[in-house]
Amino acid sequence: MPEATKSIWEQNAAPRHRIQWCPGCGDYAVLNALKAALVALELTPSEVLLVGGIGCSGQIRNYLNGNSFYGTHGGALAYALGAKMANPELTVFALAGDGDTLAIGIENFVHICRRDPDITLVIMDNGVYGLTKGQDSPSAGLGRPVTASVEEHPPFIDPVKVALTCGATFIAQSFSGDPKHATEMYVEAVRHKGFAMVNDFSPCVTYNKFNTYDWFREHCEKVPESHDPSSEEAASELIRDFEHRGKLPLGIIYRNPRQKMPAKRLPIWPKELERIDLEPMLKGLR
Ligand code: SF4
Ligand code: MG
């Protein structure tokens with residue numbers, strides 16, 4: 001890969017977009033791991049689309065030099081699917097938070113798992129809505145056993161379990177305290193032909209004072225080498241075993257080895273677009 005292309009990914013899109021995350025936010029590590037993965041995959045910015053969710057995490061698309069799209073809350077996966085259908089040659093990422101993916105966007109998440117389009121979802125999971133000052137998200141309560149049913153504090157949603165139940169074909173987990181491992185997970189996720197989810201534990205240092213870097217270091221454990229990720233049964237057993245021991249698995253939990261048929265391209269690209277004058281629309285966006 002030409003050095004010039006490599007340096008494009010290594011640079012931030014700053015100063016056009018000043019990074020606004022709090023110092024120490026886990027999303028910095030996701031950004032760096034993602035850049036390293038894109039370089040390792042030898043992808044150029046024109047080959048990649050980054051669809052951001054809403055919230056602190058969704059800003060990540062502004063800090064990378066590539067094509068990006070920003071839509072409504074909960075919609076990142078739907079936009080990513082649309083883009084992939086229109087142009088299957090694109091490597092498409094949906095980059096969203098836990099609130100975005102598991103609350104307002106959960107219907108998209110469930111059905112994307114079923115449909116298995118060739119896109120990669122990275123969830124920056126911190127258990128809170130950071131941008132709106134730290135309200136509980138659906139993944140709040142990680143590590144705190146529910147001893148009694150309390151309406152205000154329902155049990156948390158585990159994206160790994162949801163993904164496995166709904167038919168996702170690649171499920172992995174990473175931690176912002178280990179960006180090298182996160183890079184490996186993103187590379188494997190992109191290489192997987194089908195929908196790939198990586199749930200990254202990305203601490204919110206400002207609003208989540210329970211699930212801190214130290215807490216994750218104490219509770220995360222790599223998936224053992226003996227684990228067979230191609231077996232759904234083994235994946236379920238692994239999840240149960242880790243849960244029983246109060247640990248969180250890092251690594252590839254499930255990777256369905258089936259063959260995937262290439263997706264059909266929507267009949268709108270590029271022949272039809274050649275006839276449309278995009279200039280007036282693009283002018284309005286500049
Ligand atoms: Fe990160 Fe939390 Fe700050 Fe948002 S509020 S930038 S999630 S540390
Ligand atoms: Mg969040």
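The shell around ligand 1 comprises 7 nonpolar residues, 3 polar residues and no charged ones; here Ala, Val, Leu, Ile, Met, Phe, Trp, Tyr, Cys and Pro count as nonpolar, Asp, Glu, Lys and Arg as charged, and the others, Gly among them, as polar. Its members are W21, C22, C25, C56, N126, G130, C204, V205, T206 and Y207, a residue being near a molecule if one of its heavy atoms lies within 4 Å of it.

The model is predicted, so that local features need pLDDT of at least 70 and side-chain atom pairs pLDDT 80 or more, while totals for chains, interfaces and linings use all residues. Residues are numbered from 1 along each chain as its sequence is written, chains are lettered from A and ligands numbered from 1 in the order in which they are written, and side-chain values use heavy atoms, without hydrogens and water.

The structure holds 2 cavities of 30 Å³ or more. On a 1 Å grid over the protein atoms alone, a cavity is a set of points where a 1.4 Å probe fits but cannot get out, and a pocket is an open set with protein on both sides within 12 Å along at least five of seven lines; lining residues have an atom within 4 Å of a point. Grid points are joined across faces, edges and corners, and a volume is the space filled by probe spheres set on the points.

| Space | Volume | Lining by class |
|---|---|---|
| Largest cavity | about 60 Å³ | 4 nonpolar, 5 polar, 1 charged |
| Second largest cavity | about 40 Å³ | 3 nonpolar, 5 polar, 1 charged |
| Second largest pocket | about 460 Å³ | 11 nonpolar, 7 polar, 6 charged |

The lining of the largest cavity includes G74, D100 and L121. Two or more of its lining residues come from each of α3 (76-86) and α4 (98-104); helices (H or I, at least four residues) and strands (E, at least two) are DSSP runs, numbered from the N terminus. Among the residues that line the second largest cavity are D125, N126 and F216.

In strand β1 (residues 48-52), 5 of 5 residues are buried, meaning under 20% relative accessible area with a 1.4 Å probe and protein chains only. V48, L50 and G52 point one way, L49 and V51 the other. Strand β1 runs parallel to β3 (residues 91-97), joined by 5 bridges, and V48 stands opposite T91. With β2 (residues 67-70), β1 pairs in the parallel sense over 4 bridges; strands pair if DSSP finds at least two bridges between them.

Technical notes:
Buried means under 20% relative accessible area, exposed over 50%, partly exposed in between (1.4 Å probe, protein chains only).
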